[in-house]
Structure formats: structure tokens, C-alpha cells
Amino acid sequence: MGTTIFTSCCFSWRNHQQIIPSPYLFAQISPERGSSRTRATASSGESGYVDEETEKFSGFLKRRSAMVSGVSLISSVVLGFPSDGLAVVKQGLLAGRIPGLSEPDEQGWRTYQRPDEKSGGHGVGWSPIIPYAFKVPQDWEEVPVSIADLGGTEIDLRFGSPKEGRLFVIVAPVLRFADNLGEDAKIEQIGPPEKVINAFGPEVIGENVEGKVLSLSVAEHSGRTYYQFELEPPHCLITATAAGNRLYLFNITANGLQWKRHYKDLKKIADSFRVV
């Protein structure tokens, strides 16, 4: 396909013997490359000034430039022209941060459920991650995950709230505990709560958990067992369970002030974690 060129007319006029600059817009759309370039330049005489009319004309050109850019984007997406922009959109959907939050309920809480399309298998040959869900207050938002975080590549998700604290989900292979747990492991097969927290607690808080576990409990929901821990210091709530061939660790941390003011909400978030 050929190159399509749009040009706007060049104008010049005289006003009381003074030369007004004659700006022009040159926009080029190249369907073969799927990209667009918009360039605006202004030529001027040796003397002159930009009056009110010229400023209006400049604004018109800016608007026209934006329209041309918009046409380029629409043509690349709607008409099927290959484009770098479309690749960026596609990559954004597949790069691991696909929205999974519901609308707020009557109390202003939203439910997050890991989308099936979310990337991240944590190793070649692993089965897809079984989705999990939890509830958060309305001001909690997803935070990009870094492989430099504690837990490394096994951190599947992060959320945070400047007011209340932060959370992250670790999805780790059960093979780290035993190689005979099958493809549908139960957390009871991995071991009692003490074994799980001693093995994975250091990855969550960055230090040995000995003497830091204030409480632990065991709960069952829809036939799945969950171990729940409260640690201090640092202030931390951990919910652990197993599904498929993975161990799930749901972790909430907060500073002293956040812990004091929002403990009830943090505990509600921790109790809401489910593998679905």
C-alpha cells in the first residue's frame, strides 16, 4: 500500500505592512509500518509578530494534529493495519496485570478474583494457576510486581493502600516440601501449621519467624483447609492453603500506626482469602 499524505494549506497575510508567520502542518501515515508521524513547523519573515488571529490559527493546527493522530490510531486498530500501538495494547493485556476487581458492594468493599487470562505459570510444565479471590476496601489497588521482591518470581500479585497497608500472594510449588503429593495436594499433606510457617515465614518477613508467631488457627471452607497466622514484629497476617500442585500464601503487612487503626479491616481481608 502506498503512503497517504495529508497537508494543510499554507497561509500568509500582511497586516499593516507586517509579515505574519505562516505555519503549516505535515502529517504522514505509513500503513506499511503501521505508524504515524505528525510534524508541525513554522516559517517566519525577518520581522513580524504573532497576534491574536495567529494564536487562534495555531490552536486550530494543534487540534488538527491531534485529529490526524487519532485517525492514525483508529485506522491501525479498526481497519486492521499492523501497528506498534496495537502490539502495546495486546502486551498490556497479557503481561500479567489484567483487571479482576468487582464493583464496590454496599460497604464499599470490592472482590478481586485472579482472571483466567492472567499470565504467569511459574515454570515450564506447570499447570495453570487455580484462581484465588479476596476482598479489599475500595481504596486498595493492584501494584506492579518486581522479581526483586521477597519471594522473587513466586510472587503472583501485589495490592496496596497508603492508608491501611499492603498485601501480596506467593504461589509456590509443593515440590519444595515433598515429591509425592500428587497433582491435587492438600495443605495437611504438607504438614502442620508450624512446619508451613517455619518453612515459608522467612520468605514473607525476611527473617526467621521463631518467637514471632502470636497466634495460629485452622479453618475450613468448601472442603479446603486454610492455616492462618498472626506475626509480630513485623505486623503480619498470613493465610496459607494448597491447591493443585502449589502452595498459596496470602500475606498482609502494615506499619504500627496502620495496624493500630485498621486491624479489623486487615483481619477481614486475611479471612476473605479463598482458592476458588
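User: What should I know about numbering and cut-offs before I start?

Analyst: Residues are numbered from 1 along each chain as its sequence is written. In this predicted model local features need pLDDT of at least 70, side-chain atom pairs count only at pLDDT 80 or more, and totals for chains, interfaces and linings use all residues, while side-chain values use heavy atoms, with hydrogens and water left out.

User: What is the mean pLDDT of the protein chain?

Analyst: pLDDT is the predictor's confidence in each residue, from 0 to 100. The mean for the protein chain is 73, and 59% of its residues reach 70 or more. Over residues 1-51 the pLDDT is below 50, and this stretch has 85 contacts beyond near neighbours in sequence; a contact means heavy atoms within 4.5 Å. Residues 64-95 also stay under 50. For them the model has 29 contacts beyond four places in sequence.

User: In what order do the strands of the open sheet stand?

Analyst: Helices (H or I, at least four residues) and strands (E, at least two) are DSSP runs, numbered from the N terminus. Two strands pair if DSSP finds at least two bridges between them. Here seven strands form an open sheet in the order β8-β9-β10-β14-β13-β12-β11, with antiparallel pairing. β8 (141-142) and β11 (213-221) stand at the edges; each has a single partner strand, so one side of each is left without a neighbour in the sheet.

User: Which helix packs on the sheet and touches β11?

Analyst: That is helix α4 (residues 193-205), which also touches β10 (165-173), β12 (224-231), β13 (235-243) and β14 (246-254). Angles run from 0 to 180 degrees between N-to-C directions, and axes are lines fitted to C-alpha atoms, for helices over the stretch in contact. The direction of α4 makes about 55° with that of β12. Helix α5 (residues 256-271) lies across β9, β10, β12, β13 and β14, and runs at about 150° to β14.

User: How many bridges join β8 to β9?

Analyst: Two bridges join β8 to strand β9 (residues 155-161), in the antiparallel sense. Glutamate 142 stands opposite phenylalanine 159 in β9.

User: Is β12 mostly covered or mostly open?

Analyst: Buried means under 20% relative accessible area, exposed over 50%, and partly exposed in between (1.4 Å probe, protein chains only). In β12, seven of the eight residues are buried. On one side, β12 pairs with β11 over eight antiparallel bridges, and valine 218 stands opposite tyrosine 227 in β12. Five bridges join β12 to β13, again antiparallel; there glutamine 228 has threonine 239 in β13 as its bridge partner.

User: What is there to see in the loops on either end of β12?

Analyst: Most residues other than glycine have a negative phi, and most peptide bonds are trans. β11 and β12 form a hairpin with two residues between them. Serine 222, in that loop, has a positive phi of about 55° although it is not a glycine. Serine 222 is exposed, with a relative accessible area of 87%. The hairpin of β12 and β13 has three residues between the strands. Proline 233 lies in this loop, and the peptide bond from glutamate 232 to proline 233 is cis, with omega near -15°. Proline 234 is found in the loop too; the bond to it from proline 233 is cis, with omega near -5°.

User: How many aromatic pairs does the whole structure have?

Analyst: A pair of aromatic rings is described by the distance of the centres and the angle of the planes. Rings of Phe, Tyr and Trp (its six-membered ring) pair if their centres lie within 6.5 Å; planes under 30 degrees apart count as stacked, over 60 as edge-to-face and the rest as tilted. A search finds eight such pairs. Tyrosine 112 and phenylalanine 159 are edge-to-face, at 5.3 Å centre to centre and 65° between the planes. This pair links strand β6 (residues 109-113) with strand β9, and its residues are 47 apart. Both tyrosine 112 and phenylalanine 159 are buried.

User: What other ring pairs with phenylalanine 159?

Analyst: Phenylalanine 134 does: the centres are 5.5 Å apart and the planes at 90°, so the pair is edge-to-face. Phenylalanine 134 is in strand β7 (residues 132-137), 25 residues from phenylalanine 159. Ring pairs link Tyr112, Tyr132, Phe134, Phe159, Tyr248, Phe250 and Phe273 into a cluster.
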